[in-house]
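Please read these points with the model open beside you. They are notes for a first reading, taken one element at a time.

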Amino acid sequence: MLGKKQVLASMLLIPLLMTGCGMANQGEGRRDNLEPENVNYRNPVNDNGTRNINDVNNNRDNVDNNVTDNVNNNDNNNNNGNNNRKLDVADDAADKITDMKEVKHANVIVAGNQAYVAVVLTNGNKEVGKDLKKKISDKVRDTDKNMDNVYVSANPDFVDRMQGYGERIQNGDPIAGFFDEFSETVQRIFPQAE
């Protein structure tokens, strides 16, 4: 037969166990709550501490204002100094370049203080001469005095890719989704920093 202490202990344990089980179910009915709280829909911070969000109006929201743009720091990570992961379409520069008689069409994408220009030449050439490159570079720098380097190519693959990247940026696609591909493309077309 059970002693008084054992019976008393059993009687105290039963309500305690029942309370514990009852606490485990707390909140079960709220799992289907359609009002999420504390949700961050922003892109995660990348390796450099920046975030890139393109809204429906094609405005970039650089959350971390302490990040500096490319400062010629002679980094050797094979992306021509574009490790800040920000890309913009420079329509004004592209329009000025397209106004040139030698150029039929141009796309310009800016990454920090580097500009990448894809041109279709009116004469159909796939190579851009040194003089024309300088004229195009001058047009880009006229629209943005902060450009350290301007890279120009009429390579058909580069022209197609730049047009696609430009459309994706203007459509508000997350830069993180294609930045590495963009970097590989420009590294392949421009293996030597000019």
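1. On one side of helix α3, Lys130, Asp131 and Lys134 are exposed, where exposed means over 50% relative accessible area, buried under 20%, and partly exposed in between (1.4 Å probe, protein chains only). The buried residues of α3 are Leu132, Ile136, Ser137 and Val140. These four cover an arc of only 135° around the axis, which puts them on the same side of α3; the arc is that of the directions from the helix axis to the C-beta atoms. An α-helix has 3.6 residues a turn, so residues three or four places apart point the same way.

2. Before going further, note that this is a predicted model, in which local features need pLDDT of at least 70 and side-chain atom pairs count only at pLDDT 80 or more, while totals for chains, interfaces and linings use all residues. Residues are numbered from 1 along each chain as its sequence is written, and side-chain values use heavy atoms, with hydrogens and water left out. Helices (H or I, at least four residues) and strands (E, at least two) are DSSP runs, numbered from the N terminus.

3. Helix α3 spans residues 130-143, which makes 14 residues. From its first C-alpha to its last it reaches 20 Å, close to the 20 Å expected at 1.5 Å a residue; the expected span is 1.5 Å times one less than the number of residues. What do the buried residues of α3 pack against? They pack against α2 (91-98), β2 (103-111), β3 (114-121) and β4 (149-153), a contact being heavy atoms within 4.5 Å.

4. Helix α2 can be read in the same manner. Its buried residues include Ala93, Ala94 and Ile97. These cover an arc of only 100° around the axis, which puts them on the same side of α2. The cover over the buried residues of α2 includes β2, β3 and α3.

5. Now the sheet. Four strands form an open sheet in the order β1-β2-β3-β4, with mixed pairing. The edge strands are β1 (88-89) and β4, each of which pairs on one side only. Two strands pair if DSSP finds at least two bridges between them. Strands of a sheet pair through backbone hydrogen bonds, either parallel or antiparallel.

6. Is the pairing of β2 and β3 parallel or antiparallel? It is antiparallel, over eight bridges. One of the bridge pairs joins Ala111 to Gln114 in β3. The two strands form a hairpin with two residues between them, and Gly112 in the turn has a positive phi of about 65°.

7. β3 and β4 pair in the parallel sense, over five bridges. The chain crosses from β3 through α3 to β4, and this β-α-β crossover is right-handed: with the strands pointing away from the viewer, the path from the first strand over the helix to the second runs clockwise. Along this pairing, Gln114 has Asn149 in β4 as its bridge partner, Tyr116 stands opposite Tyr151, and Ala118 stands opposite Ser153.

8. Seven of the eight residues of β3 are buried, so this strand is largely enclosed by the rest of the structure. In β4, five of the five residues are buried, so β4 is also largely enclosed. Both faces of β4 are covered, with Asn149, Tyr151 and Ser153 buried on one side and Val150 and Val152 on the other.

9. Phe179 belongs to helix α5 (residues 179-189). It is buried, with a relative accessible area of 1%.

10. Last, the whole chain. The protein chain has five helices and four strands, and along the sequence they follow the pattern α-β-α-β-β-α-β-α-α. Of its 194 residues, 34% count as buried. Among contacts with a separation of 6 or more, 59% are between residues 24 or more positions apart. The chain exposes about 12,800 Å², of which carbon and sulfur atoms supply 48%; accessible areas come from the Shrake-Rupley method with a 1.4 Å probe, and for residues, only the protein chains shown count as cover.
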